[in-house]
Amino acid sequence: MIRLEKRPQSSHTWSMATPLVAVLATMIFGGALFGILGTNPLTAIRTIFFEPLFGEFAFYYRPQLLVKGAPLVLIAIGLSLGFRAGIWNIGAEGQYIIGALVGAGIALAFYPLDAWFVFPLMIIGGAAGGMAWAMIPALLKVRFGTNEILVSLMLVYVAEQFLASMALGLMKNPEGFGFPGSRNLQEYESAHNAELITGTGMHLGVVFALIAVIFAYVLLNRHMLGFQIRLTGDAPRAARFAGVKPARLILFCLGASGALAGLAGLFEVSGPAGQVNIDFNVGYGFTAIIVAFLGRLHPVGILLAGGLMALTYIGGEIAQGQLGLPSAAIQVFQGMLLFFLLALDLLTNYRFRLTRGEVA
Amino acid sequence: MDLSAINPVLLIASLMVAATPLLLAAIGELVVEKAGVLNLGVEGMMIVGAISGFAISVETGSPYLGFLCAAIGGAVLSLLFVILTQYALANQVASGLALTLFGLGISSLMGQSYVGIKPPATGEIWLPILSDLPVIGPIFFQHDPILYFGIALVAAVWVLLKYSRFGLILRAVGENHDAAHALGYKVVRVRTLAILFGGACAGLGGAYISLIRVPQWTEGMTAGVGWIALALVVFASWKPWRALIGAYLFGGITVLQLNLQAAGVAIPVEYLAMSPYLITILVLVILSADKSSAPAALGRIFHASN
């Protein structure tokens, strides 16, 4: 008889290995799914994972890796802080939208002024906007004990409506011939989040993402607050006895993740996306949840996971064009990855034992 | 603006229709949470139910077969949640999110060839004298059978939880799974059944949106109803009849804001469309002060070795 037994200590090896095994399992089952949809599984997997990096047009796709990876890493780093402490911000998509709106709003207010301070102001505004949006569930949780999961998620729908209202009303381009959407910020020098080195995809958001990774690493490993976050997640009772103030942690974790999501939104709207429009958000806020878990809530892991997830986005687009694979198939693929990851996590904390005779 | 364009009788009648998907999903989740499991995948199970019900009823021409398959579809998806949380002992919050993300993806994959099609109509019941009554007839007695099934389900769940032996075991498992295990009850089995029931109910609720309420298929058409259903369970303090009241309240808000949009009120459409979500937050704030009625073992992982 096979029995499940709790490990005295969680296994370090398995903790490292599960993401890799999960990716492998997703490739196999995802390939099977693509097979059912009528594409050759091997071709599909090759197109998604190898074409963007080593294919004929890799020179075009490689920069995209940074463009798509940066917002995912920025958001996921913020989310991972809260997830570690059992504080669940799942409304990053809303904070991303609000950050973009505040940042773009500042830019549009200054248009067409040509000044050095416009972009820094937008960065501050984007972070503040995202943070303020995340502070709503944070303050409600601290003050009234309201469930932060539901509130942060409800606010995504509110933010989406708000975005629609802005794109069709207040922020609409007066010279846009009646089309929805704001002025294109790529054409406004002072507000454009341009590539730092042309042709690399390296914009300021990528730099911020890397800085966020380093900060999160130092915070979690070297700082008292990071220790309190980890302690609260691993042993809530011990944390209480050690004098950790839950309210402070909630405000910090939600505020930080909101600010980072807001930044991600700002860099997207002022760079790759270019304008505020009804559908400018593409669900990075939700995909970042997968990235955070795939990276095992560890800053370096998240960096790698963000790259991998960006790869599936780009590869998915190529597969759409070349193989006619539906875009939803990639979404399923990404969801599948999270499933395998959560299921295989069992092996980190438990082990299988063969036992003889009866079991109590 | 023309408020007189809003017909109160039609308003109340459509309120009941708008409330039914919420009610079905919420009553399922209520049973799940009573068993001590927090399944945040309601939205995903609803949307999968919406498309499986839609697809089957279009293919077979029978809406009832569609509803049946929607329930099965929702339950199959919730089976994944069972495997993750009951057997792989994964975190319930993360697993629920995974279920929603996966469900949204798989539903749009399944629904590609069904965009823009009209489903077969679900007939309305017709009771000889009652349905002909003025005012009361159109409000209460001219609906589809699924709406009445939803109300009957609330009554059934209430009786089951309160008066049956199985209900007592289910509540015991939800309050203290270690004690229930020590008494010899099969914690995992009870929870599995509860989760499957919740999945089937969510699937039914989703199909109600795609087959009756809208009725057509569009990607992501549940638009947060699953999440509002989760909030509704908190609102109801885990009591079936209060879930019914709550669902009608939320249904009323949804219908009212749609009517106000149609009547051309001076408030922009987007702000009216926000209102159900904002009111959900408001209700959560008001009710979150009292957590005494929440099942004590809600969201905790059970493993017999602990």
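In the predicted model, helix α8 of chain A comprises 19 residues, residues 204-222. The buried residues of α8(A) are A:G205, A:V206, A:F208, A:A209, A:A212, A:V213 and A:A216. Viewed down the axis of α8(A), the buried residues fall within an arc of 155 degrees and therefore line one face of the helix. The face turned away from this buried side carries exposed residues, namely A:I211, A:V218, A:N221 and A:R222. Cover for the buried residues of α8(A) is provided by elements of chain A including α4 (58-84), α11 (246-270) and α13 (299-323).

The contact between the chains draws on 38 residues of chain A and 41 residues of chain B. On the side of chain A that touches chain B, at least two residues each come from β1 (2-6), α6 (118-144), α7 (148-168), α12 (284-294) and α14 (327-344). The most is given by α7(A), with eleven residues. Sorted by class, this side of chain A consists of 28 nonpolar, seven polar and three charged residues.

Of the 306 residues in chain B, 50% are buried. Among contacts in chain B with a separation of 6 or more, 79% join residues 24 or more positions apart.

Notes
Residues numbered from 1 in each chain as written. Chains lettered and ligands numbered in written order. Predicted model: local features only at pLDDT ≥ 70, side-chain atom pairs only at ≥ 80, totals over all residues. Contact = placed C-beta atoms within 7 Å. Helix = DSSP H or I, 4+ residues; strand = E, 2+ residues; numbered from the N terminus. Nonpolar A, V, L, I, M, F, W, Y, C, P; charged D, E, K, R; others polar. Expected span 1.5 Å × (residues − 1). Buried ≥ 20, exposed ≤ 12 C-beta atoms within 10 Å, placed from the backbone. Arc of directions from axis to C-beta.
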